Amino acid sequence: MATCAICRRAPADPKYKPFCSKRCADVDLQRWFTGGYAIPVREDEPTDEGGNRGSQED
């Protein structure tokens, strides 16, 4: 059985998978909210006039 993605000690609970409890699930969510996890962005990518990356038309 897989272990919890946060505490790595307890087995993952199917109700909170991949976490062992609501507490560990909330710890993960808090990390997303506070910027603990981030998706890297390349700063050298060109932007259009509106400040958006890429050339996608709306």
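Mentor: Contact here means heavy atoms within 4.5 Å. This is a predicted model, in which local features need pLDDT of at least 70 and side-chain atom pairs count only at pLDDT 80 or more, while totals for chains, interfaces and linings use all residues. Residues are numbered from 1 along each chain as its sequence is written, and side-chain values use heavy atoms, with hydrogens and water left out.

Start with Cys20. Leaving aside neighbours within four places in sequence, Cys20 is in contact with Cys4, Cys7, Ala10, Pro11, Ala12 and Asp13. Cys20 lies in the segment before α1; helices (H or I, at least four residues) and strands (E, at least two) are DSSP runs, numbered from the N terminus. The protein has one helix and zero strands. Cys20 counts as buried because its relative accessibility is 19%, the classes being buried under 20% relative accessible area, exposed over 50% and partly exposed in between (1.4 Å probe, protein chains only). Between Cys20 and Cys7 there are 8.2 Å in space, C-alpha to C-alpha, and the two are 13 residues apart in sequence.

Now the sulfurs. A disulfide is a pair of cysteine sulfur atoms within 2.5 Å, and a search of the whole structure finds zero of them. Cys7 is in no disulfide; its nearest cysteine sulfur belongs to Cys20, 3.7 Å away. Cys24 is in no disulfide either, and the nearest cysteine sulfur to it is that of Cys4, at 3.7 Å.

Cys24 has 3% relative accessibility and therefore counts as buried. The largest nonpolar core has six residues, namely Cys4, Ile6, Cys7, Phe19, Cys20 and Cys24. Such a core is a set of buried Ala, Val, Leu, Ile, Met, Phe, Trp, Tyr and Cys residues joined through side-chain atoms within 4.5 Å. Of the 58 residues of the protein, 14% count as buried.

Arg8 has a positive phi of about 60° although it is not a glycine. Arg8 is found in the segment before α1 and counts as exposed, because its relative accessibility is 58%. The peptide bond from Lys17 to Pro18 is cis, with omega near 10°, and Pro18 is found in the segment before α1 (22-33).
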